[in-house]
Amino acid sequence: MNKVAFTSRNLYLQVLLILVLILLVALPFYTSAYNIMLLCNILMYIIITVSWVLFSGPTGYISLASAAFFGVGIYTSAVLGQSLPLPLVIIIGGLFSFFLALLVGVITLRLRGMYFSIFTFGLVELVKHFLLWWEITKTNTRGRFVILVNYIHVFYIMLAIFLVLLLIAYLIRRSKYGLALQSIGEYEEAAAHIGINVTLLKVVTFAVSSFFIGTVGAVMATRWTYIDPVIAFDPFYSFMPVLMAIFGGMGQLYGPVIGAAIFAYLEEALITRFPYHYMLIFGIIMVVSILYLPEGLIGLLQKLWKIINSGRLAVYREKRQKRGTGREQENA
Amino acid sequence: MVKKYIVPLVICLILFMALFAGCTQPSTTPAPPSEPKTGGEQEPEPPKPEKDKIVFGSVHSISGPLAIIEEAAFGPIRNLWFKDVNERGGIYVEEYGKKLPVELIEYDDKSDIGTMTRLLEKLILEDKVDFILPPTGTAMLYAAGPVANKHGYILPGMSGGATTIKEIIGGLPYFFSNLNFSDTQVPAFGELVSELGVKSAAVVFIEDLHGVEYSGAVVPEMVLRGVDVAFVKSIPQGIQDMSAIIKEAKAADVDAFLCLAYPDENILCVSQSMELGFNPKLMIFGPGVCYTFFKDIFGDEGVEGLMSWGAWNGKSTPESQELIDKIGVANVDWWGHNLYWAGMQMLEKSIEKAGTLDQSVVREIMATETFDTVLGPTYYDENRMLAAECHTGEVGQWQSGQFEVIGPKNKATAEPIYPKPPWPGQ
Amino acid sequence: MVIEIIDIFLSGLLMGGIYALIAVGLSMQYGVARVLNVSHGEFIMLGAFFTWSLYTYCNINPLLTLVICGPVMLLIGFVLHKTLYRSIRISSGGGAAFEGNSMLASFGLLFVIQNMAILIWGASIKGYSYLAFPVNMGGVIFPANRLVTLLFAVIISVAFYLFLARTRLGKAIRAAAQDPDAAGLMGVNINQVLALCFGLGAMMAGLAGTLLSMSFRVQPTMGLEYTLIAIIVVVLGGLGSIPGSFIGGFILGLIGSIVSAIEPSLSLVAYYMLFMILLLVKPTGILGR
């Protein structure tokens, strides 16, 4: 009897999920162009943040290399965008990031904690300056133009990447790999002892998460129209996912999504309304939210959820207790 | 187990939707009540024939690394123009049969190119501004070019420029370039070098658009003029210590030292040259030296004899002094303020002449006519770049607290000081 | 040749002195108080602006400002930890959650301070010339103001080290750095000590800002680059090790000066490159445990 209730509720949720998806897909037909662009930007932050959490969330390795992978995507798009079709460019951008991450992952195996973070941050600067040097001395270009792509296409591509990423993140979390990653975060030596191939798992997850950041970079470059290495490898994009993930809360999959969405939207709203004071207001909001929401936004949501559910839960428990006593009587 | 994850997932998607619906609603209704507009007042939507003001939109860098340039160069002159036009009662537009005051909607792009292009499209698509103004700096301007062109908006490019613009301007009919850069400045500098009899030089350039372009143009020019170039070195943005380069130049005992970099590095270079007692006969720097804050840092004696690109001053044209008085001499950017002002004047006069706010009509007039501006008779050449004859100067030099034009010869307001006097107190 | 080598070595020390001072401050905040204070550079910026304002408007000697700026920053840092970071520490229950949350709060602080500085002083570059003349020491030329900076940086750092090594309070701080809980059990007033550490870190930043302003430009966005350098040095020296940070600062200065003597365009990338190589060889920093 329990099972019946479960499946019906599941079905209901699935329908809702599909409904939301349809609404999102249909968005360009009923909203203004700027909103779509804003949503693209929000999606960009969400994808970067969720990818970041994919690796750094469970393992506890704080990577500051997001900007490097993002920049690799952007640069791929700038270099290849003129000659290759966009989907191919996006995948190549992702693959370049993937291989860069594999390389970095293999090199940084010994590093832990802050040492790993700073190393990955150094990577951003290293790639940036290497490209600068390369562009100036070898290719003799100073900045590159990227072909402008229709924002609606960009939106759908972003949405697709987002959905694929959510699916993969969800599957990883559910699978034994998710548990293995979690165990690395808790006690790496122990994880290795119980037979988890720690090295392989870490490196591959890192690379997969970088793949998505790379693809987003390749897509977003088409909205930026002009880039050079300094623009493409902005360390800002290394810090943002960390902040957004903490802001949203990392315990659940939806935490970073909400965190990134609200963070990005808030920033845009403030920047357009208070161009001269937005940093001040933004900073105060950050400080206040961390003071009152130490577990991030999901902490707040979970509390709310509990309050809403407490009534229903009480009823449910009562029912179950009754059932239990009934069964006991039968047995007797 | 699926349930455990799907519940939160759905919640997050719903929240996401709700959030998005929140920002969607205003735009679907014709008169958005909560639309972000500075000042809070609303204007009627475009289709209405009645119009009581012309709205200009500008995305520029109020925060971030580019804010220095915005605050020292483009901000003051932009605000002055709006004040000035409104004091005159506005711009006369025949279509509406009256003078319309001008209004500015401004956004901050945090010196981030993605934010800039997005907000620029917001200005065009959502705020439906009548005209847009350029963002801060060359890279930003380049990124804004295709966006403005796509929507058929005139982009007056007063905030930057480089030779690479020639490669793309053909495909961007709405892009106008106002600032002068290396292709006119370097030949003028070359002339100056020959005239002063410079024998040897050292070149340092920043690893960026500006540095690569200028060093690429200057070095061949110097070699052509028989100057012995001791070394050409590049420096990264954000360098902390230039003493090694300065000591090397000092050891080579060069006549001229060229630092083709941005304000940060130029200031570092001047202060370290001062501290290390390096005083060549000629020193020329990239942007920054022509700004007033540079003089504030080192004082009149400290900047005496330093050269930079530019240039203009009160003696350049009859109207120049009037403009300087309006800006206030303490806020002038001696490279581009008059070019910026001329760009705005040309836009204003084109609107007046067109008698409409239609971009393509205004563009046509702007691209073909000659206007009377602070530069004198002013026009764009066939590439929609400000004609070289209209420039008020290419090379400038600080002389007793005044930024004087010293090159080319026919536009000079003063004789160059050569060799450069010693640093104060040395 | 010998003179050139001495030259490179000494200019490295001149930069290194500043780096060391900044890093020792951050080391106090991150190594002991466990706050990865991303707004460390903003305190440097405040110190620099402070000095610049006093010099240009009141004509007060920058070296005198050290005496004013230090205590003011100490107080600001102390109060900040007492109010903000302490509540975060309580609400997030220490450990990794506290590190993340305090970093987020520091970012908020960075935005607030930077925006306030832009509103007060404007976004453009400030600066002044103080002791801007060369000093010739046996054929090697040095800027007077940077020599003074190095001198004061070393004096401050050594005084600070003695304070940590010789006084009771210093012992308490070192105990707290090793294990805050155990130190608390041993009778150390942990909240007071952590707040003091944070305050001392802010003080070092302020003093560094004052010294920096004598030879470098001053602007509201200058903070982050120094924060990054400080973080690098702290990690290079080994987390939680004050002497490590001190030595790390000088090493970074030397690296920069050697590389910029050979190829200036690589001077910034060299920091990261050598740092990364060093981490790969010794993953816990020079004096790390």
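Chain A averages 85, and 90% of the residues score at least 70. This is a predicted model, where local features need pLDDT of at least 70, side-chain atom pairs count only at pLDDT 80 or more, and totals for chains, interfaces and linings use all residues. Residues are numbered from 1 along each chain as its sequence is written, while chains are lettered from A and ligands numbered from 1 in the order in which they are written.

Now pick residues 1–7 of chain A. Here pLDDT stays under 50, and the model has one contact beyond four places in sequence for this stretch. A contact means that the C-beta atoms of two residues, placed from the backbone, lie within 7 Å.

Of the 332 residues of chain A, 52% count as buried. Buried means 20 or more other C-beta atoms within 10 Å of a residue's own, exposed means 12 or fewer, and partly exposed is in between, with C-beta atoms placed from the backbone. Among contacts in chain A with a separation of 6 or more, 79% come from residues 24 or more positions apart.

Next stop: where chain A meets chain C. Select the 27 residues of chain A that are in contact with 33 residues of chain C. Helix 5 (113–139), helix 11 (236–248) and helix 13 (278–292) of chain A each supply at least two residues of that side.

Which residues does C:Ile232 contact, leaving aside neighbours within four places in sequence? They are A:Ile118, C:Leu252, C:Tyr271 and C:Phe275. C:Ile232 and C:Ile22 have the most contacts inside the largest nonpolar core, which has 351 residues. A core of this kind is a set of buried Ala, Val, Leu, Ile, Met, Phe, Trp, Tyr and Cys residues joined through C-beta atoms within 7 Å. Helix 2 (residues 33–59) of chain A gives the largest share of this core, 18 residues. Another core, of five residues, lies apart from it, with A:Ala180, A:Ile184, A:Ala191 and A:Ile196 among them.

Strand 1 (residues 134–137) and strand 2 (residues 140–143) of chain C run antiparallel, joined by four bridges. Strands count as paired if DSSP finds at least two bridges between them. C:Met137 has C:Val140 in strand 2 as its bridge partner. Two residues sit between the strands of this hairpin, and C:Gly138 takes a positive phi near 60 degrees.

Then back up to C:Gly122, in the loop between helix 4 (95–121) and strand 1 of chain C. Is C:Gly122 buried or partly exposed? C:Gly122 is partly exposed, because 17 other C-beta atoms lie within 10 Å.

Over to chain B, where the mean pLDDT is 85 and 88% of the residues reach 70 or more. Residues 18–45 of chain B are below 50, yet this stretch has 30 contacts in the model beyond near neighbours in sequence.

Find the open sheet of seven strands in chain B, with the order 9-8-10-11-12-15-16 and mixed pairing. Strand 9 (228–235) and strand 16 (402–407) are its edge strands, each pairing on one side only. Strand 10 (residues 256–260) and strand 11 (residues 282–285) of chain B pair in the parallel sense over four bridges, with B:Leu258 opposite B:Ile284. Helix 9 (residues 263–276) of chain B lies across strands 8, 9, 10 and 11, running at about 150 degrees to strand 10. Axes here are lines fitted to C-alpha atoms, for helices over the stretch in contact, and angles run from 0 to 180 degrees between N-to-C directions.

Last stop: the open three-stranded sheet of chain B, order 4-1-5, with parallel pairing. Three bridges join strand 1 (residues 54–60) to strand 5, where B:Leu133 is the bridge partner of B:Ser58. Helix 3 (residues 113–126) of chain B lies across strands 1, 4 and 5, at about 170 degrees to strand 1.

Terms used: pLDDT = per-residue confidence, 0-100.
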